[in-house]
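Biologist: I am new to this structure and would like a guided reading. Could you take me through it feature by feature?

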Amino acid sequence: MHVELNGVSLADQSLDAALAALSGSPPERGWTLLVGRSGTDFVRATHLGNGKYELAFLAGKDLRKAAEPVEVNALRSALGKYAAGNDSWRGEHQWINPGAAKSKSAAPFKLETEFPAMGGSSLVRRLSIVAVVAVIIAPFAWPYLPKPQYGFFDIPLPAAIDSEAARIILGFMLVIAAVFALAVTVKGFETRSAAKWATTTGKIIHSSQGFVNKFQMDMSVPVTTAVPKIEYEYTVGGARHTASRISLAEIIGEDEIPGILAKYKEGSAVTVHYNPRAPHEALLERGTPPGIAKGCLYIALFGMGATLVLMWIVTNGWQIVSGQSPNSIPPLVAIAGIAGLVFTGSAFSIFRRLSKARSFPLVTATIRRTDIVEFVSSVRRNATVTGRTIKQTAWKPVVEYAYDFNGRERISRSIWLDREDAGSKAFAQRVIDRFPVGSHHMAHVDPDNPKRSALEIKGGAMIWMLLAVGLFCLFVAYVATGLNPALVFWDQPK
């Protein structure tokens with residue numbers, strides 16, 4: 001059993017510890033007790049004031065909340081039956097929003113995405129259905145479509161970037177551009193739809209900095225990211241709802257978090273924009289996210305520039321290398337050379353960053369909570385006759401700590417500087433065992449960026465692997481130039 005009090009795991013993970021927490025002095029509004037068996041099976045009690053509690057439980061993926069506040073005695077009874085495996089307490093209350101609210105922020109030991117998805121976006125669903133249908137019927141409809149006079153390879157291009165390889169790169173980048181344009185279009189429709197939502201008055205019931213673990217395209221380990229955790233309540237048609245989405249922005253920078261928390265303080269009244277067709281969908285801010293136009297422009301300019309550079313390299317690079325060394329293998333020189341520069345450059349950059357970090361000022365950090373996040377690191381198909389997929393599971397240690405820098409308290413989960421590690425469950429357990437809850441440790445803090453910190457400064461074997469691979473690639477590129485006759489083992493042009 002897992003027991004948390006106000007987001008901090010208790011040393012005594014038992015029902016007695018949970019009941020003892022209820023026996024203390026009357027808690028403040030927003031005080032939260034969580035008792036769970038797993039990330040998809042738990043009971044949560046939130047103090048509403050005057051001895052009343054909001055009772056909620058997660059069953060699978062659906063967070064259900066009691067329609068009426070409960071007294072402490074009813075809460076004790078529910079927790080006792082839950083711990084005993086008796087679910088009869090659920091029949092003693094009426095529940096609202098069954099299946100409507102996806103609880104991702106409530107589960108303390110569950111891998112989270114950055115923001116809960118807005119489940120009622122019917123426009124997005126319709127666009128997705130249209131796209132799937134188009135992909136299915138395209139092969140059958142293609143023979144009957146009018147044929148253009150010119151094909152893709154007939155489009156005139158400047159001689160400096162006109163080659164078969166360059167056109168392949170151009171086609172690939174056009175597909176990426178089309179996907180990006182579709183995403184921007186969907187976000188635009190979502191913004192227009194939200195502009196027509198109804199409004200009501202709500203109240204902030206929770207406001208704090210939180211953390212989520214999310215995968216990035218270039219990472220096999222979920223990265224811990226700080227986010228504002230805002231929860232508010234509002235009433236529509238006599239039914240009380242809670243929501244946590246702030247705006248339509250997909251990413252909120254860590255620099256924006258203090259301003260958001262100052263704007264939406266716990267207990268303050270707010271204007272809530274909700275979907276009349278699905279009242280559980282709500283926002284505090286609607287409209288186009290700030291900076292989206294500038295961001296799209298930068299992405300477009302970078303994409304066009306990178307495409308032109310790559311097209312020029314594959315069109316003219318071979319001739320330049322061949323002119324300097326007739327015995328060279330130009331494609332291998334380019335591929336191995338670029339890879340070598342990237343890998344060795346990354347390794348030396350990490351070495352330099354770690355060296356600088358060791359001189360960061362040290363401050364006392366207090367461990368607030370520890371946890372282990374389980375996630376699927378890879379999925380592969382079994383080679384046996386069954387053909388079943390095999391999921392590789394990994395475990396990531398989570399250590400949350402608070403520290404004071406320049407008179408301001410900050411919270412972080414960076415065990416190592418700019419790096420996340422995962423492995424076996426035993427590895428994760430060994431890490432969190434070094435940082436018991438309530439203990440004090442020295443943390444390195446970047447004076448130029450105080451939110452950047454680390455409990456330990458170390459590089460790991462990955463840096464040496466990057467350096468080794470990079471040097472090997474550079475050696476291969478040097479051999480492929482043919483500048484050293486002793487290393488030329490392929491047939492030379494006559």
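**Reading the model**

Modeller: Start with strand S9, residues 223-236, which is mostly covered, with 13 of its 14 residues buried. Buried means under 20% relative accessible area, exposed means over 50%, and partly exposed lies in between (1.4 Å probe, protein chains only). Helices (H or I, at least four residues) and strands (E, at least two) are DSSP runs, numbered from the N terminus. This is a predicted model: local features need pLDDT of at least 70, side-chain atom pairs count only at pLDDT 80 or more, and totals for chains, interfaces and linings use all residues. Residues are numbered from 1 along each chain as its sequence is written, and side-chain values use heavy atoms, with hydrogens and water left out.

Biologist: How many helices and strands does the chain have?

Modeller: The chain has nine helices and 17 strands. It has 494 residues, and 39% of them count as buried.

Biologist: Which strand pairs with S9, and in what sense?

Modeller: Two strands pair if DSSP finds at least two bridges between them. S9 and strand S10 (residues 239-243) pair in the antiparallel sense over five bridges. Glu233 has Thr242 in S10 as its bridge partner. Two residues sit between the strands of this hairpin, and Gly237 takes a positive phi near 60° there.

Biologist: Is Thr242 buried or exposed?

Modeller: Thr242 counts as buried, because its relative accessibility is 12%. Contact means heavy atoms within 4.5 Å. Leaving out residues up to four places away in sequence, Thr242 touches Glu54, Lys65, Ile205, Glu231, Tyr232, Glu233 and Tyr234.

Biologist: What share of the chain's contacts with a separation of 6 or more joins residues 24 or more positions apart?

Modeller: That share is 65%.

Biologist: Next, the cores. Which residues have the most contacts inside the largest one?

Modeller: The general idea first. In soluble globular proteins, nonpolar side chains tend to be buried together. A nonpolar core is a set of buried Ala, Val, Leu, Ile, Met, Phe, Trp, Tyr and Cys residues joined through side-chain atoms within 4.5 Å. Here the largest core has 20 residues, and Leu33, Leu55, Leu75 and Trp89 have the most contacts inside it. Two or more residues each come from helix H1 (15-22), strand S3 (32-38), strand S4 (41-49), strand S5 (52-59) and helix H2 (72-83). H2 gives the most, with four residues. Take Leu75: apart from neighbours within four places in sequence, it contacts Leu22, Ala45, Tyr53, Leu55 and Val70. A second, separate core has 18 residues, including Val363, Val399, Phe435 and Val445.

Biologist: And the surface? Which residues make a nonpolar patch there?

Modeller: Patches are made of residues with over 30% relative accessible area and no salt bridge; like charges are joined within 9 Å, and nonpolar side chains (Val, Leu, Ile, Met, Phe, Trp, Tyr) within 5 Å. Leu297, Tyr298, Leu301 and Met304 make a nonpolar patch of about 440 Å². Leu297 lies in helix H6, residues 292-324. It is partly exposed, at 48% relative accessible area.

Biologist: How many salt bridges are there?

Modeller: A salt bridge is a side-chain nitrogen of Lys or Arg within 4 Å of a carboxyl oxygen of Asp or Glu. The count comes to 17. One of them joins Lys263 and Glu285 (3.1 Å, N to O). Lys263 lies in helix H5 (residues 257-263) and Glu285 in the loop between strand S12 (278-283) and H6, so the pair ties together parts 22 residues apart in sequence. Lys263 is exposed, at 52% relative accessible area. Glu285 is partly exposed, at 27%.

Biologist: Arg369 and Asp371 form another salt bridge. Are these residues buried or exposed?

Modeller: Arg369 is buried, at 8% relative accessibility. Asp371 is buried too, at 10%. Their closest N and O atoms are 3.2 Å apart.

Biologist: Which residues form a network of salt bridges?

Modeller: Arg353, Asp418, Asp446 and Arg452 do.

Biologist: Last topic, the backbone. What should I look for in phi?

Modeller: Most residues other than glycine have a negative phi, and most peptide bonds are trans. Asp418 has a positive phi of about 55° although it is not a glycine. Asp418 sits in the loop between S15 and H8. Asn406, also not a glycine, has a positive phi of about 55°. Asn406 is in the loop between S14 and S15. Asn406 counts as exposed, because its relative accessibility is 69%.

Definitions and conventions. Areas by Shrake-Rupley, 256 points an atom, 1.4 Å probe, with all protein chains shown as cover.
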